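This short report walks through one protein chain, beginning with a term that a reader will need later on. Please keep the sequence and the structure in view while reading.

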Amino acid sequence: MTVKATAVSGRNPSGRSAGIIALDIIIAILAIEALYYAFFINEDKLLQGATGVIAGIFIVVWLAVKWRPKWKSASQAAVITRLVMIDEEGERLKEWYIDGETSLLIGKSSSRSDVDVDLSDAEYASIISLQHAVLNHSKGIWYLEDLDSTNGVGLRKYNNSVITRIDNEQSYRIDSGDLIVIANTRLLVK
């Protein structure tokens, strides 16, 4: 069993394209012009009141969308199809499609053994063990386990900013959006 890896080019880590950002700027400019017309050029109080109500509703809806909870249901979090190796700026370097797999060995391939997620070309490959960690899939959920590696395995949950080193040979649930750190090599779970 070998998982195919593909190299990918850099992309905006926020996930917003330049076209969407340009559209947001155009909408903001048009809204400012409409408000300027309604309150500084126009003298009709009814139009000013209606514009104020519409602007207030728009601002409330925009704030609700902008700051909605980043909460995911258990079923959404369990859907994992790939691992993405990213650099320190969040740029994608390599991907492994893992949908349909049941167990994945993470480490470095050598002449004696192969691993499923080969990190031998990673920047910090020298501190990655040959068999560093394993991902196991059971009943629709992925679990991560450190295989008593020399430099350890870190895990940052999708709703947390802290990377925690996991204990050896103990299983940890992995969800979409989590970040696995294999001796400074970062794997984003998607």
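## Terms and basis

A residue is called buried when its relative accessible area is under 20%, exposed when that area is over 50%, and partly exposed in between, using a 1.4 Å probe and protein chains only. The model is predicted, so local features need pLDDT of at least 70 and side-chain atom pairs count only at pLDDT 80 or more, while totals for chains, interfaces and linings use all residues. Residues are numbered from 1 along each chain as its sequence is written, and side-chain values use heavy atoms, with hydrogens and water left out.

## The chain as a whole

The chain holds three helices and twelve strands, where helices (H or I, at least four residues) and strands (E, at least two) are DSSP runs numbered from the N terminus. Of its 190 residues, 32% count as buried.

## Two residues in loops

K139 lies in the loop between β6 (131-138) and β7 (141-146), and although K139 is not a glycine, its phi is positive, at about 50 degrees. With a relative accessibility of 84%, K139 counts as exposed.

N184 is placed in the loop between β11 (179-182) and β12 (185-189). This residue, also other than glycine, has a positive phi near 75 degrees, and its relative accessible area of 46% makes N184 partly exposed.
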